[in-house]
Amino acid sequence: MKHWLEEPILAIETSCDETSAAIVKGPNILSNVISSQITTHQKWGGVVPEVAARAHVESLLPVVEEALDNAKVTLEDVAGFCATNRPGLVGALSVGVSGAKSFALYYDRPWLGIHHLEGHIWSILGSNPNVKPNFMCLIVSGGHTELVLVSGFGKYELVGQTVDDAAGEAFDKSARCLGLPYPGGKLLEELATNGNPGAYKLPQANLAGFDFSLSGLKTAVWRQVDSEGATLRREDFAASVQESIIRPLVKQTFRAMESREISVLCVCGGVSANQKLRNEFQKEADRRGAELYFPPLELCTDNAAMIGIVGSLRFGLGLKSSFDEDVSSQADLPFL
Ligand code: KG4
Ligand code: ZN
């Protein structure tokens, strides 16, 4: 990537339940502060949109101040402000976007609304600054499971996606069935560590194209837990669930790469923090002689640094958003 803005920018991420601010200067992440609302939402077993928006209002300015302090940068030094403006929870997004726009107006700087998934894609540069298109990107998060062919910065083609639940949702809902608190993905992974992934036969969708389906698994998990009750071998069951989520992801992704003759793969998003997933993708990549990259662990789940990476590249191309540009709950990836 040759078109980084060389001056520091401030990035804000508030699309779901993390309030995050980062200072990014060219390809360098000078700070990345994340305040999680998880404990606030745990008592409801999931994210409550109104509660999330309110918590973002409370956390935003302290998080921005900490990001500036950690980077030893002042607001006057910031050359541009950006925030995730789509897709996500509208009330939550509005908090970060209003903050970025207000700073930009006050300091007479440009502002940019960033697509959350474009952030996840380029989080890969946080650990692999030399990765270059063309590559296939599998985004696996709590809200999304998408296969995107990246043929340049801003050049994205959606090759496949989930037709029902996202991979993170499958982890979280299965974890909930096992009585684990929200978000249960990481806890389910821990429970699965010593389990036998072949112990329980659970459905793995086998779709003809490059799409994914995880709702059948969700129903089977619920039925099994309900029928077996206290006799359920929890570690074996968690390992089997994890296997049934990961296996189709690996299969469809490499099938899509083969059909498009792509040999470089990036796997991003919250679920890409899962070590079993990393190992399974690595085994298949080695078998096929493909290159495989993951973001650093701290850039897998939602964070503002990945938004800043995209902001720095977009500002570097001379792009900026209109102050009329609003937030949106759904949005296709932008195409330049
Ligand atoms: O990217 P992210 O922070 O938020 C969205 O954009 O949705 O992803 C959050 C998701 C949650 O579903 C969480 O349970 C899952 O990522 N997750 C994991 C792991 N760490 C986070 N799932 C499985 N194994 C993990 N280690
Ligand atoms: Zn995300």
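Me: Which polar backbone atom is 3.1 Å from an oxygen atom of ligand 1?

Reply: A polar contact is a pair of N or O atoms within 3.5 Å; within protein, one must be able to donate a hydrogen and the other to accept it, and residues adjacent in sequence count only if both atoms are side-chain atoms. Here the backbone atom belongs to Gly270. The model is predicted: local features need pLDDT of at least 70, side-chain atom pairs count only at pLDDT 80 or more, and totals for chains, interfaces and linings use all residues. Residues are numbered from 1 along each chain as its sequence is written, chains are lettered from A and ligands numbered from 1 in the order written, and side-chain values use heavy atoms, without hydrogens and water.

Me: What lies 3.3 Å and 3.4 Å from oxygen atoms of ligand 1?

Reply: A polar backbone atom of Gly168 is 3.3 Å from an oxygen atom of the ligand. For Ser141, a polar side-chain atom lies 3.4 Å from a ligand oxygen. The protein buries 89% of the 560 Å² that ligand 1 exposes when taken alone (Shrake-Rupley method, 1.4 Å probe).

Me: How many residues surround ligand 1?

Reply: A residue is near a molecule if one of its heavy atoms lies within 4 Å of it. Ligand 1 has 19 around it. The closest are Gly142, Gly143, Asp172, Glu189 and Asp302.

Me: Which domains supply the shell around ligand 1?

Reply: Domain bounds come from an automatic or database assignment. Domain 1 (8–122 + 299–316) and domain 2 (133–294) each give at least three residues to the shell.

Me: Where are Pro87 and Pro183 found?

Reply: Pro87 is in the loop between strand E4 (80–86) and helix H3 (90–107). A cis peptide bond joins Arg86 to Pro87, with omega about -25°. Pro183 is in the loop between H5 and H6. Its cis bond is to Tyr182, with omega about -10°.

Me: What is phi of Lys72?

Reply: Phi is near 55°, a positive value in a residue other than glycine. Lys72 is in the loop between helix H2 (49–71) and E4.

Methods: Helix = DSSP H or I, 4+ residues; strand = E, 2+ residues; numbered from the N terminus.
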